[in-house]
Each structure stands twice: as C-alpha cells, then as structure tokens.
Amino acid sequence: MEDQPRDEINDTVRQLFRTSAYSDFRITCGGYEFNVHKAVICPRSQFFAKACDGPFKEASTGVVALDGDDPLAVAMMVQYFYLLNYTAVVDNSPLQPFCGSSSQHTDDGERVITRGAKRRRTEVTTIAESTATAESKAFSDVMRTVLLAWPKEMGSLTLHAKVYSLAEKYDIPRLKKLSLLRFERRARSDWMKHNFLQAVQEVYTSTVDTDRPMRDIVVKVISEHPSLLDKEEVQEQIKNLDLCFDLMMGFRKALTARTVEQTPPTCTCTNCRTDRAAQKRPR
Amino acid sequence: MNSRAGKIRPVRRPIANKDADEFEPCWGQLRDALTDIHLQNAGKLSFEMLYRASYKIVLRKKGGLLYERVKTFEEEWFRDHIMPRITELITKNLVTVALIQAPGTSAHERREMGEKFLRGVMGAWNDHNMSMNMIADILMYLDRTYTAETKMPSIFAATIGLFRDNILRNTLGAAAEDLNHDFVMFDILNAVMLDMIDLEREGDIIDRHLLRKVVSMLEDLYETDDELESQKLYLTVFEPRYLHASRLFYRKECEKLLRDADASTWLRHAQRRLAEERDRCGTTVSYLTTEKITRVVEQELVMAKLEEFLAMEGSGLRTMIDNNRVEDLSILYTLISSVAGGTNTGANPGMATLKSTLQSRVMDLGLEIEQTLKDTDFSVVAGAAAEGDEAAEGGDKAKTPTLSAAAQQTAAAIKWVDDVLKLKDKFDNLWVSCFNKDLVLQSAVTKSFSDFINLFHRSSEYVSLFIDDNLKRGIKGKTEAEVDAVLDKAIVLLRYLTDRDMFERYYQKHLARRLLHGKSESQDVEKEMISRMKQEMGNHFTTKFEGMFKDMELSRDLSHNYRSHINNLGEVDAAQTELGINVLTTNNWPPEVMGRGASGEGTRADCNYPPAIKRLQDSFFKFYLKDRSGRVLTWVGSAGSADIKCVFPKVPGKDTGPLSKERRYELNISTYGMVVLMLFNDLAEGESLDFGEIQTRTNIPAPDLVRTLASISIAPKARVLLKEPATKTVKPADRFSFNAQFYSRNIRIKAPTISNISKVEGDDERKETEKKNDQTRAHVVDAAIVRIMKQRKQLSHTQLTSEVITQLANRFKPDITMIKKRIEDLLAREYLERVEGDSSMYRYLA
C-alpha cells in the first residue's frame, strides 16, 4: 500500500479499531464488550447519537447494552463503523466454514473485491498479532473471541441477513446496502444449502414487511430455482411466512411477462404452489 | 427470536398470537417510561430498552396501535397535569389588563404581571417540549417506518401540537366570562408580548430573552400537524398582529414628530427606529420579520409624512440643500432609497420627491444667479478685476475709472460662469457624499442645470467668453493640472448647452480674434481645448476651428517662404516692407472677420492701398499663384495690422525738451490705420484732410474708417493725428492733420485697435447674431429633412419632426415652428409632396 496522505485518516481509524485507544463509549452484547468511540459511531447512526446524547441512562453510564441482538452481528456492525466493511474471518483459517466447502474467497466473488478481501485479511492478521501485546480490553481481542464463538449452525447468509436487520434497526443506511449486496452474492451460490432456509426465516422475521430489498432477493432466488419448493422442509417453512404471498405475486408477475394471452389463474395458496411447481418444471 | 438449535425447525406457532402477546408488555414498558419522562426521571431509563420495545412493536405491525396509544396517553397527561398549571396563570386581572387595557395600571405593574404569565407559559412549554423530544427519540423507529409510510404527522408533531390545541387555542374560562367576545389564550399571549415590546420602545427595560423564547416557541409550532414552513404560528398569528401594532405605534409617533419636531430630528429619529427594529428582530422577535417590520417603519415613519417634513420651513429639504447639511441629506437618501421601489423614481414616491425638489432647487438657484447678474453693477464691483481687462481691451479708455461696456460684460460672463460652476460643484459634492452617486438623481440635476443654463439667453456667449478670457490670460502661470481643471469646467458647461451652434459661432469669433491678433496664451492649450470639444461633440463641431489653426500654420510657412523668396531675388529696396500674411479659408472663419458681414454694405470693395503696399501685394500674389494657380486672394484690411516707423521732425522753436529733437517711433496700428497715415506722408506741412477726403482717397468703409481715425486721433497714447474739433468722437465733418508735436516716452507704440468684432455683443448685435444663426439653422434643418426623407421615402409629420429633433440634438434644439416652416418651404420647392388622402404624410420627391 502506498503511503498516501489521504490514507492517514483511514489508518488512524483502523488504529483506533485495533487498540480501542481513546475509547469513550461501550457497547455490550451477549457478555461481550466493545470499546468504541462516540465520534466514530454517533454521526453514522441516529440511534447511537440519541443514546449518547440523550437524557437517558446510557448517556450517564457510557454503556449501551444491545441485549436483544446477536453478538456476532453486532461485532460486524462495529467492524463496519471502523473499517467500512466486515468479515467474520480470523487469521487465514475460517473458524467456522461459511458453509459447506465454500471458502471465504467466494464471499465477494468478483476480482476487484478479491483484492479488497486480501487486504482485509492482512488487516485481520495484524489484529491477531497485536493481541499478544494489547490490553485485554483491546478491540481486536474481543472481536476474536466473538468470532471464535460463532455458532456452528449459523451460515454466513444468515449473518448477512442479521447485519442487514441490525443496520435497519439502528439506521445505518450504508451498512444496509453493503450487507444486502453481500447477501445477494452469497444467496446465488448458497441457495441449495440447508442454511438458506435459516436465512429465509431470518429475513422474514427480523425486518418490517415493508422493507422489500432483501425479501425480493429471496423471492427471486426461489423463483429462479423452483425445485426448492419440492422439498418438504421448504414447504413447511414457507407456510407460516409472508414469503408465501410474495412468491405468489412473483410468479404472477413472471407469468404475465412471459405469455401475452393467459387465463388468469385463480387459486388458493396451496394450489398456487403446486401449479407453479408444475409450470416451472419444464423450464 | 431466532432459534439456534442445530436443526432448523419450521415455526409452527402462529405468529399473530405471539405478536399480540408481545404488544402489551412492550407497551407497558413504554407507558411507564412516558410517565417517568414527564416526571423528569428519565435518567434511570434505558434508551436501548425503550427503543427495542418500540422497534419490536413496529416489527410486529402494531405501529398504528402504538401511535394511537401514545397520542391518547399524551392527551390525557396534558389534560390532567399541564392544563391546571396554565389555568392558574390566567387571572381576571391579567385578562383585564391585557385585553381591555384598563387604565390605572403602571408600566411596572403591567410588566411584572406580563412577565409572570409568560414565564408560566414558557415553563409548561419547556417541560412539554423536552418530554416530547425524548418520546420522539424513543419512538424514532416508529417515525421512520410507520408514520413515514402512512404519511401521518410524526409523533413529535402530533404531540407537540397538543400545546397549541389545548393551551393556545383554549378559551379563557372563568377569568374572562365578563368579556362579550370569545378570547383564547393566544390573544392574551399576543397582547402581553406586544405590550412588552411597546414598553421597550418607550424606553423601558424588558426581559428580551423571555420574549425571544416565547417567539421561538411560536416558531416551533404550526397551524396543523403537517408542519408546513409557511404555517408557523409565529407567521400566521403573532407576526400579523405585531406588524399591525407596530404600524399603529409608528403612525402615532410620526404624527407627534410632525407636530413637535423639525425635519432633522425626524430623520435621525427614523434612522434610529429602523436600526432598533432590525436589532429587535435579532434579539427579541424573529429574523423572519426583519424585512417586514422595516417596511412598516419605512411606510409609517418615513414615507407617510415625507412631503410634510421635506417642506418644513427652516429644516426641510430646501434648507438642507442650501446649507449643505450633508449628514441630513445622506440620512434622507439612505432612508428613502431603501424603501420599496429603491431608487426608481417611478416606483418610489420618496425618490420622486427628492428628485423634483433637487431639480427645482437647481433651477431656482440657477435663476438666482441670473438675477444677481442683472442686479450687479459691474462697473463698480468688478473694479479690481478690471486691471487685467485693460490690456485686453487695448486700453481705449484705460484711463477712465469706469469700465467699458465690453469689459463689464466680460466680468459678468466670468461671474456667471463661476457662479454656475460653484453651484455645480455644490450639487456634485452632495451627489457624491449624500446620494451615493445615484444615477437617476445625477441625470435629473444635470437636466435642471441644462434647463436653466439654456433659459439664460446669453449662456452660449458667456461660456465662449469664459474660455476666451482664460485662454487669453487666465491660464498664465498656471500649472498643467490647473489648466486642465479650467478646461474641464469649460467642457462641463459646454455639455449643458443645447444651442451648440450658437456656441460654435461665438467660439469661432473669439478664436479668430485670438489667432489674428496673437492674443492666445498657449497654442497647446488651444489645441487641447479643441480636442476636448471634439471628444465631447464630435468631429463636425470642430472642423472649422481646426481649419482655422491649419490656416494659421500654413500662413506662417507661406510668409516665411515668401520672405526667403524676396531675399533670393536680391532686390534690395530701401523702402522694403516686411509682409506677414494670413491666408484664411473663407468657410472656416467668421464672416465678420472676412469682411462679408451681413450688415448691409456687403461690398468687399478693396480699399486703395498705397503704391508701396500695392506693389508688395502684387509681388506676393504672383509668388502665391506659382504653386496654386486659379486661386483668388482678397485682402482684408480690417483684420490686419502694420508696424510703421514714423519720423517726427524737430519742432522749430523748441530748444529744450523732447520736442527739440527728431523723434522716431515704431507705431503698431491696424492696416487701415496704416493706409490712412500713408496719406499724410504726401501732404505738405500744415495741410489737413477732412473725413470725406480721406474716405474717397482710401475707399475704406465709413464705420471702419471712424474706428481707425478714432484710434489714432483720440487716444492720447497714440495721437499721431490732430483732429479738428478735438472732440471724443469722430464725425464726418472733422478735419485731420499731422501731429508734429507728438511725443511719447516709448519707442514702440501700440495704437489701440477698436475692432468691430467686439468681445461682448450689445443687444442689437446679439439679435443680429441670432438672426444669422437662425438662417444657418434653417439650412441645417432643410438638410436634415431632406436626408431623412431620402432615406425613408415617406413619413408622417410627427415622425419626421421627431426624427429631425433627434438628428440635430447634438447641435441645437430646433424650434418646432421652424421645422414646420422648413417643411412647408421644401413642399413649395418640390422636394417633398403631401400624400393624397392623408394630409399628415409626406413623400420624398427625387
């Protein structure tokens, strides 16, 4: 990396992230504690701004407890605040395979991003190095522990969905965009994996139903791979979610787009499902 | 929420049930928190927890319900806890004082009572505002999703509006039951605030900070929960009343000033009030009102009685101008020009008044100058200045204590020019220091100057005289910059003249005199003057003047060449006469000089030159025609001069004194004078000639001869001829003889030239000049009409007239009747014809 003057501010923030120096606020979650900087997080999120400035308890104690949220997702959010990206990889070896045999390289897919991914890894390496010397409270240390505690059954698709809902909840639009992008890439390759369903569940329960982008991706992926609907566990899963309706409307739209003259199918939800499956199969 | 079990199981529980279960506990949490917030116990509440609770509710699609619950809660809280506090504030006394303005309460009492009321309202507002802000923070997610999607007012707008609906718009209840009008709290609030502001205007000290806070409350509240920018309560309710009350206040104040004070006080007061009101908008009221309140003060305090103040005797606009009250005038200008309409006199009646007053003042002062001129006796007043004039006048009556009429006129002209320039300086000075170099005012003042200058019928002549005087002697010993200033002044005056052709005529005359008699102080300055005029009026204006200069230069060369030509011939003649000649091009020089004046004689009959001179003329003519065959030279005796060496023999019988010796003098006289004197060379001693004889022998026109004889027989300095009888005037019956007794202390004697081109015209002469000028104008108008018609082929009478006026504007302002006459003349001469059927149209005939 060239030593550009404009990198200075980036490097500084990265440094703050690594060491937690000058930290003036804490985020706790699931027993973990992140030492953060108001100056970094508050301007990016109305929620944190109000928590830090408002007349409430958080302002006086200097701690905000995000008890309802997933610690891993929170760790990702904090990473994003400092590094403008997030990763759940420590050292070179993933602590938990993102899913199946896929390596973290497919995470971002494209070449350009691969370069970014590489840089991120060096970053993580430095964090790992610094653990030895830094204080126990150092940020990277906490991050490492959080990552190590990544529950086995949670796929990275689910993680993106969780980060997305967190970004929505705490009003961090750019993070929302980023996680959506990464979710979409991941969904294209992971649709047949079993944790796809897990992610679908997360998508349909963690955000308000008017928040469309991520739901649209799910509908699109299922529409592109209708055979998914043949699986019983998928059928069971879908039944109780709004996904059912979204899929129906998705198929309806696809139908009109494909054939000009078509008798409008009047059907119940179950019929619709079988009809769709039958129609889709020849393709 | 999310199961972390190893195997993903479909969620079987209906979600709706779970939602319903979750709403109540979450709402319970929030409700308790709202109470705490109102009781100002927020410090122990966890923001995250409350945020999460509201987030959860929204996530479970219960946003609408939450919204309603919060609103209801707030309304109840408001009714139960805040209203009573406010109601207590409204005492019967307050209502009476604020709304009925019952007499008998002192300013102090009123202030105390008002401030107490305002503080009470502000206390309630502050509490409410703070709580609502906190609640809005907690419900941030609700606002971002539910209210944004349903387009409902934000939770903050909905709850903050309670203050408006329940307090400001609340009727007064028991305290106001006596009043037969439905007043609301807002009326009291307004009345109290306006009363405070009036107190401050009267000089009291009030709690500005408190008022400012009330105003910002009104700025934070809107007519409806939609919170449209233009619907702020401040703008819709308070501001109109504030402006209205201010209007009444200033109207009253203005009337009082008109009764008790003078214009100067009024100006300063208005200026101070304007500054105060602007300042008040910054400290007490709102910036939003700055422009509007400024307009109110301008309308009521400045414009309403402007005319009356400006017309005030002893302090009004007239006095300000006359006494150069720079400060007053600049305040006045600043006030007036900032009023709506700005410096546009059409849109701003104040500017129009200022403009017209300035104009009439210029006019009056200008006419005053003329009046003083008439009233001044220059023969006495200009006595001191006359010393210089003697030289200029040639000293024909130099020894007489009173000045000649001509000298008086010169003095008058210079005084007039000086006065006009002084007046101009005065207004220029005001224009720069008071009127911000306002272009409209400048052109208005310029127009007035032009008007009064042109009303004065001698202005053209006087301006030319002024330049003449300066070029002859005024610039002697002056630095370049000073000379420049004089020229500038001349040009400034020139700009005002409309009858420029008149000026041209006079200038030509004066210039001719300066050139021929070598009176000009500096060729360079003369040329500079011409080039400036050229810049100002264009080429055609100065061609004649330039031609005159060219003639002079050519003549100098010519004389020089001729002299060397004679020398080369080697003809040495004892009685050789040196010839200095000026060959003048007829058109460039004034007709009077050229001896073809229109005074009737018109003849250019040569006088009989003495043989020696005749020979010289022939010789020169021959020389002249060598290079320029076909030209005609006419000798103008009246314009030339001659140096004669005279010998006065020893007077017999005188043994002592100067007369006992032979005397030689060099006499400088006019050409005619020389011709006359030469006659006496041939006379025997003691013989004399009478006027008639001299005239027949010389053939000099009678008026010229009178002047010539007067110059050598009357003025004692150069009395080389004796006149019989020895009166002061030359009569046809007089006899003249050689004055053998002539004695002078100087060797060189200059006989006074009494020229017919007198410097200042008498009334008759002036009429003559005008008549001549009118004739010239007639030709110019003819030419213009023909030029226009040739181009346009067909035009209506009015169009043609206005075209002619525009075309000639640079030279003079043609008389309408004259144009009409010229058109008729051209019709008669068949340059134009009337168009059949439309008598107002003319057509050009090729």
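In this predicted model, A:C29 has A:Y32 as its bridge partner in β2(A). That bridge belongs to a run of five that ties strand β1 (residues 25-29) of chain A to β2(A), and the two strands pair in the antiparallel sense.

**Chain A and its sheet**

- Chain A has 14 helices and three strands.
- The sheet here is open and has three strands, in the order β2-β1-β3 (chain A), with mixed pairing.
- β2 (32-36) and β3 (63-65) of chain A are the edge strands, each pairing on one side only.
- Going from one strand to the next, the twist averages 20 degrees.
- How much of chain A counts as buried? The figure is 51% of its 283 residues.
- Take the contacts in chain A between residues at least 6 apart in sequence: 71% of them join residues at least 24 apart.

**Aromatic rings**

- Over all chains, the structure holds 32 aromatic pairs.
- One of them is A:Y170 with B:Y51: the ring centres are 6.1 Å apart and the planes sit at 25 degrees, so this pair is stacked.
- Another stacked pair is B:F238 with B:Y242, which counts as stacked because the planes are at 10 degrees, with the ring centres 5.7 Å apart.
- B:F238 and B:Y242 both lie in helix α10 (residues 233-260) of chain B, and because they are four residues apart, about one helical turn separates them.
- B:F238 is buried, at 0% relative accessibility, and B:Y242 is buried too, with a relative accessible area of 1%.
- A:Y170 and B:Y51 turn up again in an aromatic cluster, which they form together with A:F47, A:F48, A:F56, A:F81 and B:F47.

**Arginines over rings**

- In chain A, A:R182 lies over the face of A:Y86, 4.5 Å from the ring centre.
- In chain B, B:R201 lies over the face of B:F249, and here the distance to the ring centre is 5.2 Å.

**A buried aspartate**

- A:D246 belongs to helix α13 (residues 243-258) of chain A.
- Is A:D246 buried or exposed? Its relative accessible area is 11%, so A:D246 is buried, the cut-off being under 20%.
- Its side chain makes a polar contact with the side chain of A:R212, at 3.3 Å.
- Neighbours within four places in sequence aside, A:D246 is in contact with A:Y204, A:R212, A:R215 and A:V219.

**Strands in chain B**

- Strand β9 (residues 838-844) of chain B pairs with strand β7 (residues 794-796) of chain B over three bridges, in the antiparallel sense.
- β8(B) and β9(B) form a hairpin with two residues between them, and B:G837 in the turn has a positive phi of about 85 degrees.

- Most residues other than glycine have a negative phi.
- A:Y22 isn't a glycine, yet its phi is positive, at about 60 degrees.
- You'll find A:Y22 in the loop between α1 (7-19) and β1 of chain A.
- With a relative accessible area of 73%, A:Y22 is exposed, since exposed means over 50%.
- B:N324 is another non-glycine residue with a positive phi, near 55 degrees.
- B:N324 sits in the loop between α14 (317-322) and α15 (326-338) of chain B.
- At 35% relative accessibility, B:N324 counts as partly exposed.

Technical notes: Residues are numbered from 1 along each chain as its sequence is written. Chains are lettered from A and ligands numbered from 1 in the order in which they are written. This is a predicted model: local features need pLDDT of at least 70, side-chain atom pairs count only at pLDDT 80 or more; totals for chains, interfaces and linings use all residues. Side-chain values use heavy atoms; hydrogens and water are left out. Buried means under 20% relative accessible area, exposed over 50%, partly exposed in between (1.4 Å probe, protein chains only). A polar contact is a pair of N or O atoms within 3.5 Å; within protein, one must be able to donate a hydrogen and the other to accept it, and residues adjacent in sequence count only if both atoms are side-chain atoms. Contact means heavy atoms within 4.5 Å. Rings of Phe, Tyr and Trp (its six-membered ring) pair if their centres lie within 6.5 Å; planes under 30 degrees apart count as stacked, over 60 as edge-to-face and the rest as tilted. A charge sits over a ring if NZ of Lys or CZ of Arg is within 6 Å of the ring centre and within 35 degrees of the ring normal. Two strands pair if DSSP finds at least two bridges between them. Axes are lines fitted to C-alpha atoms, for helices over the stretch in contact, and angles run from 0 to 180 degrees between N-to-C directions.
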